Amino acid sequence: MDFAISDEQRQILDTVDRLIDRHLPPEAVRRHDRDHAPPYHVLPALGDAGLLAMPFPVENGGLAAPWETVVLVQERLGYRAFMAASLYNRAIGFGGMSLLVYGSEAQRERYLPEIMAGRAFFALALTESSAGSDAASIVTRARRRGNGWTITGRKTWISDAAAAAAMVVACRTGSPDSGADGISMFLVPPGTTGVQMTPLDKVGNNCLPCFDIGFEEVDVPRDALMGEENHGFHHLMATLHYARAGMAASVTGAAQAAVDIALSHAGERQQFGRPIGGFQVIQHRLVDMQMRVDQARLLAWQLGWLIGEGRPCRREASQAKIAATETLQFVTDHGMQILASAGYAAESDMQRLWRDARLYSFGEGSNEIQRNIIARELGL
Ligand SMILES: Cc1cc2nc3c(=O)[nH]c(=O)nc-3n(C[C@H](O)[C@H](O)[C@H](O)COP(=O)(O)OP(=O)(O)OC[C@H]3O[C@@H](n4cnc5c(N)ncnc54)[C@H](O)[C@@H]3O)c2cc1C
C-alpha cells in the first residue's frame with residue numbers, strides 16, 4: 001500500500017534498505033537477538049545517511065523533512081529490523097524532539113548534533129515500582145543543594161539506560177501531593193556518582209536492555225534541569241505524540257513483516273497434497289491480518305501528517321498506537337498458528353516478533369490508558 005509515496009520518499013526508503021542490508025541483515029538481527037546485544041552500531045550509520053537529522057529544523061542542523069517521510073522511514077525500519085527502529089525512535093522521537101521542544105539552548109547545542117550523528121541518545125527514566133500507569137505519582141525527589149540539585153529515589157524498567165548519553169529523569173520537585181504539577185526533568189549521565197544500575201531479565205525484546213536504577217544522593221549541576229521547574233510532566237505529555245508516531249509506524253512495519261512471513265510460508269508449506277495457503281481458513285486468516293496492517297498503517301500515516309501540519313493529534317496519536325500494537329499481536333498470534341512448529345523454532349523470525357509484540361500494548365502508556373485519553377478527547 002504505497003499510493004502516497006513520492007519519488008523522493010522512495011529514494012529515502014531505498015537508502016534505509018541499503019543501510020539495513022549492510023549493517024543489520026536478517027542473520028544479524030537473529031544473532032543480536034540471540035546474544036541479547038543491542039545493535040547500537042547502526043545509529044552512526046543512520047546518522048551518516050542523514051536519517052537522524054530528518055525531523056529537525058535547518059537552524060538546528062537538521063534537514064526539516066516532512067513528518068510523513070519520517071514516519072515512512074520508521075515503518076521501513078520496523079519492517080526490516082525492529083531493533084533498529086526502536087533505537088531510531090528513542091534517538092529522535094524521544095531525545096531529539098524533547099530537546100527541541102523544552103531543552104535549553106545550551107542542552108540543544110551540546111546534544112542535538114550528537115543525536116543527529118548517531119553518537120548519542122537519551123533514556124527516559126519515569127517509571128517507578130509504585131508509579132507505572134499513574135506516572136504522575138512518582139516519588140523520586142530532586143532537592144536544591146548549593147548551586148545544583150540532589151536526586152534521591154529509584155526508577156525501574158528503564159530501557160537502554162546504560163548506553164544512553166544521559167537519562168532524562170523525572171523527579172518530584174514540588175510538594176509530595178503536587179501530582180503532575182510538581183515534577184521536573186533532569187539530564188543525568190548514567191556514570192554519575194550515586195547512580196546504580198541493575199539489569200532486569202525479561203521474556204522478549206532481547207535488544208532492549210532494561211534496568212532498575214537507584215539514585216543515592218546524586219548531585220547534578222543547576223543546568224541539568226531540562227525545561228521549566230515543576231513543569232516536566234506537562235513537557236513530557238506535550239511531546240508524547242512524536243514517540244507515539246514512531247511506535248505506531250515501526251510496529252506497523254513489524255506487523256507487515258509478520259504477514260509477509262506467514263504469506264510466504266502458506267505458499268510453500270504443503271499438506272494433504274497442496275500448499276496450506278489453498279485452505280480457505282488460512283486464506284481468511286491472512287486476509288484479516290493484511291487488512292489490520294493496512295488500517296494501522298493509515299492511522300500511522302495520518303498521525304505523521306497531523307504532526308507535520310502542526311495540528312492537534314492527541315486522540316489520533318493514541319488511536320495509532322493502539323491500532324498498531326494490537327495489530328502486531330493479532331498478526332503474530334495468527335502467524336504462529338499458520339507457521340505452527342516452523343514458527344515455534346528458536347531460529348524463526350515469527351517467534352521473535354510474537355515474543356516482542358507482547359510489550360507494546362502496555363509499554364509507553366498502556367492501551368487502557370490510551371483508551372482513557374481517547375474517551376476524554378471524545379468528551380466522555
Ligand atoms: C520492556 C520494558 C521497557 C520499558 N521501558 C521504559 C522506559 O524506558 N522508561 C520508563 O520510564 N518506563 C519504561 N517501562 C515501563 C512501562 O512504561 C510501564 O510498564 C507501563 O507504563 C505500565 O506500567 P506498569 O507496568 O506498572 O503497569 P500498571 O500501571 O500496574 O498497570 C497494570 C494494568 O492496569 C491497567 N490500568 C492501570 N491504570 C488504569 C486505569 N486508570 N484505567 C484502566 N486500566 C488501568 C494497565 O493498563 C495495565 O493493564 C518499560 C517496561 C517494560 C516492560
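Select His-235 in this predicted model; the residue is found in helix α7, which covers residues 232-268. Is His-235 buried or exposed? With a relative accessibility of 12%, His-235 counts as buried, because the cut-off for buried is under 20%. Next, display its surroundings: apart from neighbours within four places in sequence, His-235 is in contact with Tyr-102, Met-226, Gly-227 and Glu-228.

Now move to helix α4, residues 67-80. This helix has 14 residues, and at 1.5 Å a residue they should span 20 Å.

How many of the residues of α4 are buried? The number is 10 of the 14, so the helix is largely enclosed by the rest of the structure. To inspect the buried residues, colour Trp-67, Thr-69, Val-70, Val-71, Leu-72, Val-73, Gln-74, Glu-75, Leu-77 and Gly-78. Then show what covers them, which includes α1 (7-23), α3 (42-48), α5 (82-102), α7 and α8 (280-309).

Proceed to the aromatic rings. The structure holds 6 aromatic pairs. One of them joins Phe-272 and Phe-279 in an edge-to-face arrangement, with 6.5 Å from centre to centre and 80° between the planes.

Finally, select Arg-292 together with Phe-330. The charged end of Arg-292 sits over the ring of Phe-330, at 4.4 Å from the ring centre.

Note on methods. Residues numbered from 1 in each chain as written. Predicted model: local features only at pLDDT ≥ 70, side-chain atom pairs only at ≥ 80, totals over all residues. Heavy atoms only, no water. Phe/Tyr/Trp six-rings, centres within 6.5 Å; stacked < 30°, edge-to-face > 60°. Lys NZ or Arg CZ within 6 Å of the ring centre and 35° of its normal. Helix = DSSP H or I, 4+ residues; strand = E, 2+ residues; numbered from the N terminus. Buried < 20%, exposed > 50% of the residue type's maximum accessible area, 1.4 Å probe, protein only. Contact = heavy atoms within 4.5 Å. Expected span 1.5 Å × (residues − 1).
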